[in-house]
Amino acid sequence: MKAVAPGNTILIIDDNTDTIRLLSTMVRDQGRVLFATSGAAGLELARLQRPQLILLDVEMQGMDGFAVNERIRQDPALRSSAVIFVTAQSSPEAEISCLDAGAVDFIPKPLNAAVVQARVRTHLRLQSALAALDELANQDGLTGLYNRRYFDRQLAAEFARHRRHQLPLGLALIDVDDFKLFNDRYGHQRGDACLEEVAESLRDGARRPGELAARYGGEEFVVLLPNTTPDAMVRYGDWLCRRIAALGIPHPSASAAPHVTASVGLYALIPSDGDTAPAMLHAADMALYAAKRAGRNRSVLAGGTVADMVA
Ligand SMILES: Nc1nc2c(ncn2[C@@H]2O[C@H](COP(=O)(O)OP(=O)(O)OP(=O)(O)O)[C@@H](O)[C@H]2O)c(=O)[nH]1
C-alpha cells in the first residue's frame, strides 16, 4: 500500500455515503481523508481542519454545493482551500458554471478512479506551490521573520478579535540603537548579520500561540502579543532588551553601551469602539521615541512608567 502524502488533507462533502466511500477509496493514498454528509457539517469541519482540497457534491439536500462553495469563498479562514465540484451534470454549461463559481476543477459522475486521482494529485501539487508562494510573500527576505504587509493584516485581525472578546492586546516596537553608526563602522554586510541575530532573539521570544514577530522596516521590528496585560508587556520589554544586549555584538560607538542594544516601545490595551490598530501602532511608536530620548537600551510602556534601565 502506498504511504499517505504528509500534510495533505482532503475533505469530501456529499450527502450520499456510497459516493463518499467510493471517493475515499480513490484518494486515500494522497492525504488524510475527512468527510461530511451535509454542507453545514462540511463547513464546520473545514474551519477546524483547513483542508487543502474539498471535493464538493453539487446536488445535495438542503444547502447545495454552490451555496457551500459561496460560503467557502467568503470566509477568510477557508479561502485557501481549493474546491473541486463533483457532479452528474456533465454539460459544458454545468462545467462552466462550476469554474465561474470559483472552483478549481470539475469531476464528472460516474466517477473514474484514474481521472479522480489525476485531478486530485494535480491540485494538491498546485496547492502546495501556492502555499509556498504565500509563505514567501509574507516573509522578510533578510531575517525570515514575517514582513510588514503580513503583520499589518494580522494586527487588524487580532485587533478585531480582542475587541470582540474584550482582551488586552500587546504591541512592542523594537529599534536597534545607533545602527547607522554600526553600519558606518563595520559595513552593511555586518549590519545585516546583526539584524539577523536580533531577529532570532525576537523569534525566540514570540513562541506562544498567536505571538508574531515581524520586520517592520530597516532596523525596526514589531512583535504582537495576544492576550497580554501592560504588566506582562513591561516584563517582556525588559527581557527583550536584556536578551539583545546579551548577544554581545560589539558596538563601541553606541551611546548606551559598548555593544548592540535596542530600544522598545510598548503598548497594551483592551480595544473599545473608538480605538484603531493604527492608533495603537502610533502609541507604541511614541513610547519607542520616549525610550530613545531617555537614553536608549530600555523599554517604555506607552502611558506607563519607564522600565528599569537595562544593565
Ligand atoms: N545593514 C543594514 N542597515 C540597514 C538596513 N535597513 C536600514 N538600515 C540602516 O539603519 C540605519 C538607521 O539609522 P537611523 O534611523 O539614523 O537610526 P540609528 O542610527 O539606529 O539611531 P537611533 O535609532 O536614534 O538609535 C540607517 O543607516 C540605515 O541605512 C538593512 O537592511 N541592513
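I count a residue as near a molecule or strand if its C-beta atom, placed from the backbone, lies within 6 Å of it.

**Ground rules.** I am working on a predicted model, where local features need pLDDT of at least 70, side-chain atom pairs count only at pLDDT 80 or more, and totals for chains, interfaces and linings use all residues. Residues are numbered from 1 along each chain as its sequence is written.

**Ligand shell.** I looked up the 17 residues around the ligand; Asp177, Phe179, Lys180, Gly191 and Gly218 come nearest. Strand 6 (169-176), helix 7 (179-186) and helix 8 (188-204) each give two or more residues to this shell. My helices (H or I, at least four residues) and strands (E, at least two) are DSSP runs, numbered from the N terminus. I then sorted the shell: 8 charged, 5 nonpolar and 4 polar residues. Here Ala, Val, Leu, Ile, Met, Phe, Trp, Tyr, Cys and Pro count as nonpolar, Asp, Glu, Lys and Arg as charged, and the others, Gly among them, as polar.

UniProt, in an unreviewed entry, puts "modified residue: 4-aspartylphosphate" at Asp57. Such annotations may be inferred rather than shown by experiment; feature names are shortened and positions follow the numbering used here. I found Asp57 in strand 3 (residues 53-57). Is Asp57 buried or exposed? Asp57 is buried, because 24 other C-beta atoms lie within 10 Å. The cut-offs are 20 or more for buried, 12 or fewer for exposed, and partly exposed in between, counting other C-beta atoms within 10 Å, placed from the backbone. Leaving out residues up to four places away in sequence, Asp57 touches Ile13, Asp14, Asp15, Thr19, Gly65 and Val86. Contact means C-beta atoms, placed from the backbone, within 7 Å.

**Cores.** A nonpolar core is a set of buried Ala, Val, Leu, Ile, Met, Phe, Trp, Tyr and Cys residues joined through C-beta atoms within 7 Å. The largest has 47 residues, and Ala287 is among those with the most contacts inside it. Beyond four places in sequence, Ala287 touches Gly265, Leu266, Tyr267, Val300, Leu301 and Ala302. A second, separate core of 28 residues includes Val27, Leu56, Val68 and Val86.

**Whole protein.** I count 10 helices and 10 strands. Of the 311 residues, 37% are buried. The C-alpha atoms fill a box of roughly 75 × 45 × 35 Å along the principal axes.

Key
Contact = placed C-beta atoms within 7 Å.
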